[in-house]
There are 2 protein chains.
Amino acid sequence: MKIVLIGAGNVGHHLGLAIHQSDAEVIQVIGRKAKKTSHLAKILNCSYSTNIDEISQDAEVYLLAVPDDQILKVAESLPLGKTASQIIAHTSGGTALGVLGDLFSNFGVFYPLQTFTIGRKLEFSQIPVCLESNNEETLTKLTSLAEKVSQKVYFLDSEKRAKIHLAAVFANNFTNHMLAKAEQYCSSENLEFEILKPLIKETVAKAMTINPSIAQTGPARRNDSKTIWTHLDLLKDDPQLSKLYWEVTRSIENFYD
Amino acid sequence: MKIVLIGAGNVGHHLGLAIHQSDAEVIQVIGRKAKKTSHLAKILNCSYSTNIDEISQDAEVYLLAVPDDQILKVAESLPLGKTASQIIAHTSGGTALGVLGDLFSNFGVFYPLQTFTIGRKLEFSQIPVCLESNNEETLTKLTSLAEKVSQKVYFLDSEKRAKIHLAAVFANNFTNHMLAKAEQYCSSENLEFEILKPLIKETVAKAMTINPSIAQTGPARRNDSKTIWTHLDLLKDDPQLSKLYWEVTRSIENFYD
């Protein structure tokens, strides 16, 4: 199966590597930045271009791994018409299938639910790939591609995908922010963030095994208002941090009410 | 080194196991609940009692692994007087050293910074143990004990310890709550929480390697107000979840302002 990859950023990079290691083939990478694009093309042993008009017509699937707000613009500039038999799929969690609807006959979504960073090794086979398309034949082909790179293939319509994307904001972005605030606080108080790392690892390992709602501990969970007030007092010179402490504490209290 | 362990809950259990596996020795467990206490004593191959008056006088160190709000009460009921040469140490992050000050001559804090659950295996050698005491001799002895069970021994006064305990609330309790809310939302929307697990694992692995403040991604980080409003719209029937979404989003925006 021949693929053209449009986008050489974090998602494109990891997706390209995964396809390259399967029996599918990336035949071309299209990207805005010459250096990044050529670098990825070299790894994938394929051609590349920074000009979308030079896109190969020989692929079965065109994967749009570009930022959400670029999907429509890039799709519109693709020199594949409404009558083309090729499949065009975007890779975004938060973007509806319909964004591609006026432009192509066979289109879909190929959304790998993971946070990607160039340079970090990932076991792509364990990454859930969420699929959607406008017809059965397209879905069959996207499924075949997805199964080549991942053991975890899901079928989600745009509404469900938007919801899992929202849940992912909590699970990924908000979780990370709690760690960032802990780190910032440690740094401002001359405490080593390092001390917290074994705790963080075990917190998440536990939440993955028993459910996080069951794993919850801490002053808010046990209605320990003495400790909560001690903490708010420690934070009295940092209104932003004490506000966040207060809001999350209230949310935990409400959760178990 | 002979130890008496007071408390057979999560902390007492793991601390007892770690001491048992070192060349120190737990000679007795004191606990409120007969079943839990005898069970732990059996594992540690030592005697036990549910009556604090039956406590052995033969230990060098008495570890108070009881809930924060029980420390003073249990310490007061200990039949070791102000003139006793033994060391009494509590294991709490959020409790000051001074709570033991009026009762004993040699006292301290032996705080293992981890979330403990009976039945979960932990590499105790990697758990930071934070120490404090009222005199040098006591500190030397507590250090010796701590180094028998952990490779990570820290010296923190009560103020610093209170602060690291507060940071741990963010890193552990609040992080877990974000996962719990994601889980709850998935459940209410008939989405498998399982789909998010590879993302969660990578989120934390990444935050442990590069700093979490650098690892931050998501709509709030990139000022993607379109996605934020889409999410708030999805949450319009859940005022508690949308409030939390809003507050954490604002906190992220402020963080990177």
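Predicted model: local features only at pLDDT ≥ 70, side-chain atom pairs only at ≥ 80, totals over all residues.
Helix α5(A) is built from 31 residues, and its first and last C-alpha atoms are 43 Å apart, close to the 45 Å expected at 1.5 Å a residue. Along the way, α5(A) bends by about 30° at Val169(A). How many residues of α5(A) are buried? The count is 26 of the 31, so the helix is largely enclosed by the rest of the structure.

Part of the setting of this helix is a set of strands. Helix α5 of chain A, residues 158–188, lies across β5, β6 (106–112) and β7 (129–133) of chain A, and runs at about 20° to β6(A). These strands belong to an open sheet of 8 strands in chain A, with the order β3-β2-β1-β4-β5-β6-β7-β8 and mixed pairing. At the edges of the sheet stand β3 (47–49) and β8 (153–155) of chain A, each of which pairs on one side only. On average, neighbouring strands of the sheet are turned by 25° against each other, direction ignored. Within the sheet of chain A, β4 (residues 61–64) and β5 (residues 87–90) are parallel and share 4 bridges. One residue to look for here is Leu63(A), whose bridge partner in β5(A) is Ala89(A).

Stepping back to the whole chain, the secondary structure of chain A consists of 9 helices and 8 strands. The C-alpha trace of chain A spans about 70 × 35 × 30 Å along its principal axes. Of the 257 residues in chain A, 58% are buried. Among contacts in chain A with a separation of 6 or more, 56% join residues 24 or more positions apart.

Thr91(A) is located in the loop between β5 and β6 of chain A. Is Thr91(A) buried or exposed? Its relative accessibility is 9%, and it therefore counts as buried, since the cut-off for buried is under 20%. Leaving out residues up to four places away in sequence, Thr91(A) touches Val11(A), Leu15(A), Leu64(A), Ala65(A), Phe110(A), Tyr111(A) and Pro112(A). Thr91(A) and Glu159(A) are 68 residues apart in sequence, while their C-alpha atoms are 15 Å apart in space.

In soluble globular proteins, nonpolar side chains tend to be buried together. Here the largest nonpolar core has 116 residues, and the members touching the most others are Ile6(A), Leu196(A), Ile6(B) and Leu196(B). Which residues does Ile6(A) contact, apart from its neighbours within four places in sequence? Its partners are Ile30(A), Ile55(A), Tyr62(A), Leu63(A), Leu64(A), Ala65(A), Val66(A), Val74(A) and Leu78(A).

Chain B also has an open sheet of 8 strands, in the order β3-β2-β1-β4-β5-β6-β7-β8 and with mixed pairing. Its edges are formed by β3 (47–49) and β8 (153–155) of chain B; each has a single partner strand, so one side of each is left without a neighbour in the sheet. From one strand to the next, the twist averages 25°. Helix α5 (residues 158–188) of chain B lies across β5, β6 and β7 of chain B, at about 20° to β6(B).

7 of its 7 residues are buried, so β6(B) is largely enclosed by the rest of the structure. In a regular strand the side chains alternate between the two faces of the sheet. For β6(B), both faces are covered: one side carries Asn106(B), Gly108(B), Phe110(B) and Pro112(B), the other carries Phe107(B), Val109(B) and Tyr111(B), and all are buried. Strand β5 (residues 87–90) of chain B runs parallel to β6(B) and is joined to it by 4 bridges. With strand β7 (residues 129–133) of chain B, β6(B) pairs in the antiparallel sense over 5 bridges. Gly108(B) is a handy landmark: it stands opposite Ala89(B) and opposite Ser133(B) in β7(B). Another pair to find is Tyr111(B) with its bridge partner in β7(B), Cys130(B).

Note on methods. Residues numbered from 1 in each chain as written. Chains lettered and ligands numbered in written order. Heavy atoms only, no water. Pairing = 2+ DSSP bridges. Helix = DSSP H or I, 4+ residues; strand = E, 2+ residues; numbered from the N terminus. Axes fitted to C-alpha atoms, helices over the stretch in contact; angles between N-to-C directions. Contact = heavy atoms within 4.5 Å. Core = buried A, V, L, I, M, F, W, Y, C linked by side-chain atoms within 4.5 Å. Buried < 20%, exposed > 50% of the residue type's maximum accessible area, 1.4 Å probe, protein only. Expected span 1.5 Å × (residues − 1). Bend = angle between axes of the 7 residues up to and from the residue.
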